[in-house]
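This report looks at how side chains meet one another in a single protein chain. Please keep the structure open while reading, and look for each named residue as it comes up.

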Amino acid sequence: MRKAIFLVSTLCVTLTSFGQTINLKEQLKSNHITVVNREIAAYETNAIELDAREGDGLAILKETSFKTGSATIEIKGENNPGKSFVGLAFNIQNDSTYEAVYFRPFNFVAEQPNRRSHMVQYIHHPTYTWHKLRNERTGEFEAELKTPPQPDNWFKATIAVTDTKVLVYLNDEEAPFLEVERLTKTTSDKIGLWTGFGSSGRFKNLVLSAKQ
């Protein structure tokens, strides 16, 4: 059993990996995904795709439990300004109440500093939307990736969740590029894929590691 230790300032998060790999295409075939405001389909090998619609979309994994620990997922968005918001939702209480970390791939290649600082976002819906957080707590829940991938390519993100914090890592880098205080407490063990307004998204190779 391997251990991954994340050291962030004064925070030390120790995760024991159970290596639970979730084949999303198999979950789809087995009818183990509840879809909210999206159509879902198989996409390439071991991947699934959510289509683009108005409003946010969820694909909740019905047979999978996750509260604290780490979730690693490969994601593919697109270079479509204002219409590519892709990520992972957790602590899902219902269709509109959850936490999420998501990426804006179209900002991966942005030249404007303000857009570059908006590459990744933490939210807690319905109270703490991106708009509310950006207006009232500017810069606290968003960040820039130092070495962003190409917006149309697959990239791997790891989201570490403790009782009080969320940390986000990219492509096996040792240091997180986003560390935030959670805006709520864990009340649900439901986890799922997330896409924002007008956005499609592709996802594969979800690996969950529970905290011990």
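A salt bridge is counted where a side-chain nitrogen of Lys or Arg lies within 4 Å of a carboxyl oxygen of Asp or Glu. The model shown here is a predicted one, and a search through the whole of it finds 13 salt bridges. Three of these pairs are set out below, each with the distance between nitrogen and oxygen.

| Arginine 182 | Glutamate 99 | 2.5 Å |

In the salt bridge between arginine 182 and glutamate 99, arginine 182 belongs to the loop between strand 15 and strand 16 while glutamate 99 belongs to strand 10, so the pair ties together parts that are 83 residues apart in sequence. Arginine 182 counts as buried because its relative accessibility is 9%, and glutamate 99 is likewise buried, at 0%.

Lysine 132 and glutamate 136, by contrast, both lie in helix 3, four residues apart, which is about one turn of the helix. Lysine 132 is partly exposed, with a relative accessible area of 28%, whereas glutamate 136 is exposed, at 54%.

Glutamate 179 is partly exposed at 29% relative accessibility, while lysine 165 is buried at 14%. Elsewhere, Glu39, Asp51 and Arg53 are joined in a network of salt bridges.

In one of them, the ring centres of phenylalanine 103 and phenylalanine 155 are 4.9 Å apart and the planes stand at 70°, so the pair is edge-to-face, a term used for planes over 60 degrees apart. This pair links strand 10, which holds phenylalanine 103, to strand 13, which holds phenylalanine 155, across 52 residues. Phenylalanine 103 is buried, with 1% relative accessibility, and phenylalanine 155 is buried, with 2%. The ring of phenylalanine 155 also pairs with that of phenylalanine 108, where the centres are 5.6 Å apart and the planes are at 75°, so this pair too is edge-to-face.

Charged groups can also be found over rings: the charged end of arginine 202 sits over the ring of tyrosine 43, 5.8 Å from its centre, and lysine 204 lies over the face of tryptophan 154, at 4.4 Å from the ring centre.

Note on methods. Residues numbered from 1 in each chain as written. Predicted model: local features only at pLDDT ≥ 70, side-chain atom pairs only at ≥ 80, totals over all residues. Heavy atoms only, no water. Phe/Tyr/Trp six-rings, centres within 6.5 Å; stacked < 30°, edge-to-face > 60°. Helix = DSSP H or I, 4+ residues; strand = E, 2+ residues; numbered from the N terminus. Buried < 20%, exposed > 50% of the residue type's maximum accessible area, 1.4 Å probe, protein only. Lys NZ or Arg CZ within 6 Å of the ring centre and 35° of its normal.
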